[in-house]
Protein chains: 2
Amino acid sequence: MTKPFPDTPTFAGFNAPIRLEGEIFDLEVVEGEIPTALDGTWYRCGADFYFPPLHGDDVFVNGDGVVSAFEFRDGHVDFRTRFVRTEKFVLERAARKALFGAYRNPFSDDPSVAGKNRGTANTNIVWHGGRLLALKEAARPVEIDPVTLETIGDWDFDARLTSLTMTAHPKFDPSIGEMLFYGSAAKGETTPDIVYYAADADGRITKEIWIDPPYASMMHDFGVTKDHVIFLVMPTTSSLERMREGGPIYVWDEDLETYLGVMSRHGDGSDLRWFTGPPRFVFHILNCFSEGALVHIDSAVSEIQSFPFFPDKNGRPFDPERAKARITRWTCDLTSNSSGFVERTINPLGCELIRIDDRIALSNYTYGFIPFHDAGARQAGDANAGFNSVGRLNVRTGEMEDSFFAGPNASVQEPQFVPRSAQAQEGDGYLLVIVNRLDQNRCDLVILDANSLSGAPVARIKLPVRTRAIHGNWVARAELP
Amino acid sequence: MTKPFPDTPTFAGFNAPIRLEGEIFDLEVVEGEIPTALDGTWYRCGADFYFPPLHGDDVFVNGDGVVSAFEFRDGHVDFRTRFVRTEKFVLERAARKALFGAYRNPFSDDPSVAGKNRGTANTNIVWHGGRLLALKEAARPVEIDPVTLETIGDWDFDARLTSLTMTAHPKFDPSIGEMLFYGSAAKGETTPDIVYYAADADGRITKEIWIDPPYASMMHDFGVTKDHVIFLVMPTTSSLERMREGGPIYVWDEDLETYLGVMSRHGDGSDLRWFTGPPRFVFHILNCFSEGALVHIDSAVSEIQSFPFFPDKNGRPFDPERAKARITRWTCDLTSNSSGFVERTINPLGCELIRIDDRIALSNYTYGFIPFHDAGARQAGDANAGFNSVGRLNVRTGEMEDSFFAGPNASVQEPQFVPRSAQAQEGDGYLLVIVNRLDQNRCDLVILDANSLSGAPVARIKLPVRTRAIHGNWVARAELP
């Protein structure tokens with residue numbers, strides 16, 4: 001493009017746009033060996049601005065969707081990365097410049113793209129019902145070819161998706177292959193409507209329940225157990241009027257309470273009950289499970305909205321300490337007469353991009369894999385204040401039992417657990433971690449033994465370039481066509 | 001691959017293999033503007049190891065051929081890079097490891113590839129007769145698709161190429177569109193035979209002359225003027241016996257003299273006359289021209305072979321000072337009875353990867369564009385001893401009139417001159433330079449005004465990754481299909 005990216009932290013240094021499409025066949029294994037048990041593809045999805053923003057600086061979650069794949073086979077791994085051909089991307093590429101404006105604010109767009117799809121497909125990528133779907137909560141899913149990573153097109157579940165949006169965090173029931181998901185702002189930007197869906201193992205929508213929340217809010221994730229569904233309504237509120245006046249879609253409104261809407265997975269939604277508590281914020285669920293009438297929601301909870309670019313409604317300055325997310329258990333008692341939920345911090349470390357052994361999703365479980373900043377491991381001269389470690393948290397004891405330190409001048413992206421075998425116990429397997437080499441303008445893919453995170457890596461794989469994702473998922477070869 | 005690259009200077013730091021194939025559409029212009037007069041494609045070709053060498057360390061000239069393209073249009077530039085599908089590359093990729101051994105030594109190969117084409121297509125890329133050819137002096141050319149950079153296949157000039165090899169440095173006569181070239185070791189590795197060809201503007205071979213040199217040697221480049229052809233025989237000698245015993249193809253034999261074979265372009269080669277001088281080495285010709293019976297050969301001349309990995313026959317240690325190449329004029333007087341040539345150093349700075357305004361090739365000329373190390377511009381803390389500058393050398397006065405300093409922790413690759421217009425005077429135009437950002441693991445493409453190299457760049461274009469080439473050539477859009 002003819003103008004440079006803004007000289008702001010969003011685009012500087014290691015955050016600089018990558019903008020690359022291509023492949024590296026047979027990545028270099030610089031340490032150890034890749035276990036042949038790793039047989040499948042790690043798909044990842046992230047945000048990378050293709051063009052400088054239309055209006056000055058921007059927020060990283062407004063970048064263009066880029067999907068990447070690490071395909072493991074016979075102790076080798078191939079890498080491929082490709083931008084999603086959203087309508088936005090295709091239009092802007094043809095114009096060789098940005099045409100769409102601020103995050104989720106259609107009023108800020110170039111008039112030439114009025115009414116066009118603003119979806120960026122930049123958050124998560126999941127495999128279900130024989131389709132690979134790139135997800136962004138503000139739009140419908142985009143189907144991606146699992147081999148070439150080429151874009152197939154928007155996917156509306158054979159016209160059964162009545163929502164204009166789909167969460168980037170669907171849940172999967174490992175026992176029956178169901179995908180559970182929802183759309184928020186389901187009738188358009190800032191509309192309060194939520195709609196919940198279940199899709200069977202073949203990808204067919206089998207249930208649709210519309211929900212009327214206490215107020216319209218950012219709903220990034222939700223909870224599902226074997227028996228219940230939990231909607232999280234927290235005071236990051238949206239306003240069309242504010243956007244029309246040039247403001248952001250979201251502000252943090254600490255005058256409002258947190259609402260947890262709990263309903264049975266097996267009913268029609270008429271049993272939905274709202275539990276309330278103090279203002280809180282959650283981006284990501286770790287896991288949820290039911291114990292009889294007790295519904296447990298484990299997630300990374302902060303006292304305030306943790307993105308500094310969404311302002312406080314009352315003008316309070318952003319407080320990084322209050323924005324720190326800690327693994328916390330909320331419990332709703334369906335037998336209780338109280339409308340409150342119980343809150344208990346499991347571990348005090350600030351963290352995010354948390355994962356579990358997905359085979360135990362929706363059930364009582366023991367382990368979380370938790371990126372955090374290990375201040376003790378920080379070395380002289382290392383100014384990196386980001387997440388430099390990934391720990392194995394025992395959620396039963398609250399103890400961070402073991403952790404991998406990425407090294408000085410390094411940070412970690414969201415980890416991915418892969419079981420050693422289908423029969424392996426919970427947490428017995430490998431942890432895949434992308435390590436950002438902050439001083440080398442590139443990344444490593446590190447394979448750890450999940451039973452021994454502080455031990456020598458099983459393998460360290462060199463990427464000659466940076467790669468960037470927000471979330472990703474492992475798909476075993478047997479599941480792919 | 002399952003084993004890492006050796007921890008040697010060949011593969012360390014900025015020299016680390018890149019191994020990437022892909023594209024970056026519409027590169028970021030971080031400074032200035034791209035002149036719309038730049039309308040065409042800068043093709044480049046280099047060596048990048050896809051797999052760790054079969055036997056320990058290796059020499060960089062044995063890497064796999066990678067071609068890249070910067071396509072300029074309407075003030076934008078798109079980048080693409082792709083490995084050449086040589087037979088070697090295809091076989092090794094299928095095996096996911098190296099199968100071919102040492103540089104030009106077939107005895108060092110895995111037996112499974114005996115008799116296969118060892119060509120790497122890793123040195124230069126030229127456009128002639130409607131074909132884009134990737135070149136390596138040890139093999140025949142490989143045709144490349146000028147848009148996709150996909151490999152079309154080996155090109156033998158409709159079976160008219162009788163040599164097994166073609167130089168990576170053909171010459172072009174701008175007035176008639178002829179391509180002049182030769183093959184050395186034309187009948188197989190270490191054979192002394194040289195064969196000279198002329199091909200017309202349509203790519204048809206119209207002349208073939210076999211030449212018997214005084215001894216078999218490495219012949220990387222040659223000279224052509226409007227009226228003469230000059231073969232350079234210098235004491236980097238080859239030996240099949242030595243290779244069979246595990247030695248290198250080449251050694252430096254300072255006991256031998258330099259021979260310059262001069263013949264008319266317009267005859268049948270029977271007038272070929274050898275001029276002799278002290279042992280010298282030349283990788284690259286700057287330009288040659290005839291003034292009546294005087295034939296001038298301007299090149300970068302060193303006292304010894306300048307690749308440290310080809311040993312001295314007499315066991316002398318490599319002397320970097322004697323290996324320094326300086327722009328030097330050799331003159332052969334066809335009316336003289338003496339068999340000697342005259343040598344005159346034009347400028348004392350060590351240099352390489354030298355270029356001119358190609359429109360004045362084969363003729364009396366004024367300017368060379370010369371990468372060199374500017375010690376004065378070197379800054380505190382900058383340990384880079386490579387070429388950090390590109391100068392405009394007036395070959396008539398010997399003066400380095402002006403130069404571009406790439407900055408601390410930076411070095412330059414071979415420059416490319418592009419005229420401001422077809423009618424512009426010699427040297428009036430743009431100089432394209434890839435700058436290696438040694439501390440950022442990436443490159444910039446800098447566009448300079450060739451009339452003001454020390455002034456602010458016309459544009460600086462950011463590459464988020466490294467790119468690597470040995471040589472390249474500009475092809476105007478009007479010449480492409």
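**Entry 1**

I looked up strand 8 (residues 142-144) of chain A and found three bridges joining it to strand 9 of chain A, the two running antiparallel. For the terms, strands are DSSP runs of E of at least two residues, numbered from the N terminus, and two strands pair if DSSP finds at least two bridges between them. In this pair A:V142 stands opposite A:D154 of strand 9.

I note that this is a predicted model, in which local features need pLDDT of at least 70 and side-chain atom pairs count only at pLDDT 80 or more, while totals for chains, interfaces and linings use all residues. Residues are numbered from 1 along each chain as its sequence is written, chains are lettered from A and ligands numbered from 1 in the order in which they are written, and side-chain values use heavy atoms, with hydrogens and water left out.

**Entry 1: the sheet**

I then traced the open sheet of four strands in chain A, which has the order 6-7-8-9 with antiparallel pairing. Strand 6 (124-128) and strand 9 (151-154) of chain A each have a single partner strand and stand at the edges, so one side of each lacks a neighbour in the sheet. From one strand to the next the twist averages 30°, with axes as lines fitted to C-alpha atoms and angles running from 0 to 180 degrees between N-to-C directions.

I checked burial for strand 20 (residues 281-291) of chain A: ten of its eleven residues are buried, so the strand is largely enclosed by the rest of the structure. Buried means under 20% relative accessible area (1.4 Å probe, protein chains only).

Eight bridges join strand 20 to strand 21 (residues 294-302) of chain A, and the two run antiparallel. I find A:V282 opposite A:V301 of strand 21. The two strands form a hairpin with two residues between them, and A:G292 in the turn has a positive phi of about 60°.

**Entry 2: chains B and A**

I turned to the contact (heavy atoms within 4.5 Å), which takes 35 residues from chain B and 35 residues from chain A. The area buried between them is about 3,100 Å², with carbon and sulfur atoms giving 48%; this is the accessible area (1.4 Å probe) that two parts lose on being put together, summed over both.

I count six salt bridges between chain B and chain A, each a side-chain nitrogen of Lys or Arg within 4 Å of a carboxyl oxygen of Asp or Glu. One salt bridge joins the side chains of B:R96 and A:D26 (3.0 Å, N to O). Strand 1 of chain B gives the most to the side of chain B that touches chain A, with four residues.

Note on methods:
Buried means under 20% relative accessible area, exposed over 50%, partly exposed in between (1.4 Å probe, protein chains only).
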